[in-house]
Amino acid sequence: MHESSEEELKQLRLRQFLQWMFPVAVGFLLVYAVFAFVLRSPALTGGMVAVGIYTVALAWARRLALRGSTERAAWVIGHALLVMVALGALFLHFLHPALLLMPVCGVALVLPYLERPALGRYMLAAFGVDTWVMVVDGLLPPLVEQPPLPLQRWVLAVAVMASVGLTLRLLAVDSARLRRSLKLAEQAVSTRDEFLSVASHELKTPLTPLSLKLQTLRRELSASTPPSPPERVQAHLDVAQRQVKKLAELVDDLLDVSRISAGRMELNPTRVDLAAVVHDAVVRFEPEAARVGCALTLEVDGPVMGRVDPLRFEQVLDNLLSNALKYGAGKPVHVRLERQDIRARLIVRDEGLGIAPEALERIFNRFERAVSGRHFGGLGLGLYIVRRIVTASGGTISAASVPGQGATFTVELPLGASASLVPLASGGR
Ligand code: ADP
């Protein structure tokens, strides 16, 4: 488990313990006070002092816990319990069985909070206190006169029930939490396994045509007659190059996601003409558009100067354009860049499959997809990376769609210096 979440868990347990224990201690204090006063019993007055010390210690621990000193608060509670038991042995002779039991329950209660050496010392102290109780209560006559027998039985029964009940309750809460964390860990492992199987399948897919094309080329080049025409060789090489590009893109996406998770991806904004970057991207995608039979159109209102990271902006464009061609069903794809005061707005619109309304937000999360993996390959990482780049640049990205009629992705980016060197911190999904 992550260190900070373990600390959070300890604090939560401690708060829960104090939440229950404090009213119980105050209740006991009141009972002792009333009976000590009514019966004028020195034994019950001694008991009241012992429980009073414990109640003050609980209040102190509560303040420590609120300031985040979990270990110290546990130390205070644990040792105050031993002091209470040791004092109780002097005055409340009749509580002998409960007093012997309390250090044992105390060990169970402080168990999750203390480090191992501190726990060892605490157990030794608890053992010492139990020996003290045995000697003082078991072997010596009572130091002071004990309260009437019916009251003794009543207080003893309540004390035993309270210590055992509280201990069992806390242990049950702990084990329920443990079961929940185990379930979450199992879910995380199964998501990772599923991702590994999808990722390896996706990485392997381009390798098959690549290796086939290379084999064909080797065969054709080694055959003595007739030599392959250059256009044929060129066509084989084109296919091979496309598969290498696909592989490189998949690996780049995986690297980017691990950089984002580690907070290691940075933006380096420089002053560029966004219109020129968009124009270059469209030109770069023209052969792919022609291959899938898409008409690619571009509209720009002249130069749009701004401070952005050109490589990351190119990455945003590449992702949106390749998605538009991939899910565009061979219909036209329109790209538009406009200037809006101090912001640039980029719109990539296709007339293809479209996206179901429930998926419009989710597709920007890691590994989320809105299509079946059998029909369209992909890892579901492109839009996640795009959104992280855009938001780190101070911009926004959103998707709109009418299913069956296409999808529109709109990116808004600030043109000013606000897009400074911003690390793409981890977080999100
Ligand atoms: P990938 O394309 O590898 O699955 P992305 O993160 O780029 O990953 O996209 C996530 C999902 O969003 C896709 O699987 C697809 O379902 C949906 N999507 C993205 N762009 C479009 C689009 N232009 N038209 C329809 N669906 C899209």
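How much space lies in the largest cavity? In this predicted model, the largest cavity holds about 300 Å³ of space. Residues are numbered from 1 along each chain as its sequence is written, and side-chain values use heavy atoms, with hydrogens and water left out. Local features need pLDDT of at least 70 and side-chain atom pairs count only at pLDDT 80 or more, whereas totals for chains, interfaces and linings use all residues.

A search of the whole structure finds four cavities of 30 Å³ or more. On a 1 Å grid over the protein atoms alone, a cavity is a set of points where a 1.4 Å probe fits but cannot get out, and lining residues have an atom within 4 Å of a point. Grid points are joined across faces, edges and corners, and a volume is the space filled by probe spheres set on the points. The largest cavity is lined by 24 residues, with Met 21, Phe 28, Leu 81, Met 84 and Met 102 nearest its centre. At least two lining residues come from each of α1 (3-39), α2 (42-66), α3 (70-91), α4 (96-110) and α6 (149-204); helices (H or I, at least four residues) and strands (E, at least two) are DSSP runs numbered from the N terminus. By class, this lining comprises 19 nonpolar, five polar and no charged residues, where Ala, Val, Leu, Ile, Met, Phe, Trp, Tyr, Cys and Pro count as nonpolar, Asp, Glu, Lys and Arg as charged, and the others, Gly among them, as polar.

The second largest cavity has a volume of about 70 Å³. Its lining includes Phe 17, Tyr 54, Leu 81, Val 110 and Tyr 122. Two or more lining residues are given by α3 and by α4, and α3 gives the most, with four residues. Nine of the lining residues are nonpolar, two are polar and none is charged.

Tyr 122 is also among the buried residues of α5, together with, for example, Ala 126, Val 129 and Val 133 (buried means under 20% relative accessible area, exposed over 50%, partly exposed in between; 1.4 Å probe, protein chains only). The cover over these buried residues includes α3 and α4.

Beyond its neighbours within four places in sequence, Phe 313 is in contact (heavy atoms within 4.5 Å) with Leu 274, Val 277, Val 278, Val 308, Leu 346 and Leu 413.

Val 304 lies in the loop between β3 (296-300) and β4 (305-308) and counts as buried because its relative accessibility is 1%. Among the residues that Val 304 touches, not counting those up to four places away in sequence, are Val 272, Leu 274, Arg 339 and Ala 344. The C-alpha atoms of Val 304 and Ala 344 are separated by 7.4 Å, although the two residues are 40 residues apart along the chain.

Notes
On a 1 Å grid over the protein atoms alone, a cavity is a set of points where a 1.4 Å probe fits but cannot get out, and a pocket is an open set with protein on both sides within 12 Å along at least five of seven lines; lining residues have an atom within 4 Å of a point.
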